[in-house]
Amino acid sequence: MSDSRAVLEAPDIHRALTRIAHEILERTKGAGDVVLLGIPTRGATLARRLGDRIERFEGVKAPVGSIDITMYRDDLRRGPARPLGRTELPPDGIDGRVVVLVDDVLYSGRTVRAALDALNDLGRPAAVQLATLVDRGHRELPIRADYVGKNLPTAKSEKVKVYLEETDGRDAVLLMKEGAR
Amino acid sequence: MNRHLISAGDLAKDDALLILDTAEELARVSERSIKKLPTLRGRTVVNLFFEDSTRTRISFEAAAKRLSADVINFSAKGSSVSKGESLKDTALTLEAMGADAVVIRHSASGAPYRLATWVHGSVVNAGDGTHEHPTQALLDAFSMRRRLGGLEGRKVTIVGDVLHSRVARSNVLLLHTLGAEVTLVAPPTLLPVSVGSWPCEVSYDLDAVLPKSDVVMMLRVQKERMNAAYFPSEREYSRRYGLDRDRFAKMPDDAIVMHPGPMNRGMEIAAEVADSARSTIVEQVANGVTIRMAVLYLLLGGEIA
């Protein structure tokens, strides 16, 4: 653990999510049409937290779901077949809604590309936006986030690990040097 | 997972659970308006059917197409096989066409094992003689798990022509792996000699077993394989081993009835039992496509060694 350091602690994550929730409300003028879709596993958790905050702040219930992108990945053939995550759409679907994709870390942009493809098979949203807890740079595709918790300059050799209470027992974002685990 | 799926006995518990969990997620695809995933784009799946089987072939075909694989159907009738081509030459032809997976149905037990030594792609056993039919066992386990919640410690009774049934053997092996307790019920003439070495119980008295069963799976009486007098008459078989209304009433209230199909209504199963709300016969067909998608994805979705 010596060459990993926490770049965000629990209070920082809470503040970042609170700000993103306010930004979503502001940009979508009250989040009336918003559907939050998290990319499993941690993106789905973050989407639920954002949904809770939006409801707390303005009493608007933004439907929350998850969208698994495994079957749409461009690197599936580079390893054994991966277990699937859950795709769960809100009952009213996503047609004509503003979908906010939620992920924990934005890096190459390939995950988001896959999510856009997956979305295409699920319906036709009015608009798609992207929220991420950490943007660590090094994009390989023309993709950017609309809501960012923290911009984190990193080297490609470093790793960013997000821990969340629901899945990992604590809230933290760690930056690890090469070779650290 | 292994590269091939030939016997349900080759599946470790983790493999079997991975297939069932994958199918659980894929089941949602069948509920959406676009029932297609791009995952196996550019992969070729050959359905090599030496025996008639409409439902299994269609099920594999639908599964492969929902994953965007290219499907080639090869049936023995009207093909080079009827002109005398050997299994090996057929296999080499498919190999030359670049098949990534071969789904084989053959009347000879063990044919998929031979095939696997000749082709580079994955071999999926879709039923070989009286030996095995692993995807049927997987879809049965999947159907049971969806209805009952879990399989650990569940009591499954399989009734009927076990001797000629590849479904029974695959189910016994897989259900044992998944922690269920299987009892086979059949006339002594319709049980294989080796049944003593199978991981299950054997009974000749259906009425005694029914009240303790969570699942009752009826097997088809395979008239086309009945080349000897295995029982005195169809009527007597039906009376002793058929699931009629009175026997159905002896089952626990939440127990389910299964049948791999095609069924002989009035023979091994009464029509009103087959059509009851506790029968999974129709959902078994839908689950068949889902489970075959899961198998094809896990065999072909990743890197092919």
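**Stop 1: a sheet in chain B**

Select residues 44-49 of chain B: this is strand β1, and six bridges join it to β2(B) in the parallel sense. Strands here are DSSP runs of E, at least two residues long, while helices are runs of H or I with at least four, numbered from the N terminus. Two strands pair if DSSP finds at least two bridges between them. Now click B:Leu48, and you'll find B:Phe74 of β2(B) opposite.

Before moving on, a word on the model: it is predicted, so local features need pLDDT of at least 70, side-chain atom pairs count only at pLDDT 80 or more, and totals for chains, interfaces and linings use all residues. Residues are numbered from 1 along each chain as its sequence is written, with chains lettered from A and ligands numbered from 1 in the order in which they are written.

**Stop 2: two helices**

Next, pick residues 87-96 and 111-118 of chain B, which are helices α3 and α4. They pack at about 45°, their axes 10 Å apart. That angle makes α3(B) oblique to α4(B); under 35 degrees would be roughly parallel, over 145 roughly antiparallel, 65 to 115 roughly perpendicular, and the rest is oblique. Axes are lines fitted to C-alpha atoms, for helices over the stretch in contact, and angles run from 0 to 180 degrees between N-to-C directions.

Which residues make the contact? Show B:Leu87, B:Lys88, B:Ala91 and B:Leu92 on α3(B), then B:Ala111, B:Arg114, B:Leu115 and B:Trp118 on α4(B). Contact means C-beta atoms, placed from the backbone, within 7 Å.

**Stop 3: where the chains meet**

Turn to the side of chain B that touches chain A: 15 residues of chain B are in contact with 15 residues of chain A. On chain B, α1 (13-26) and α11 (281-300) each supply at least two residues. The most come from α1(B), with four.

**Last stop: chain A**

Finish by colouring chain A by secondary structure to see four helices and eight strands. Along the sequence they follow β-α-β-α-β-β-α-β-β-β-α-β. The C-alpha trace of chain A spans about 45 × 40 × 30 Å along its principal axes.

Methods
Two residues are in contact if their C-beta atoms, placed from the backbone, lie within 7 Å.
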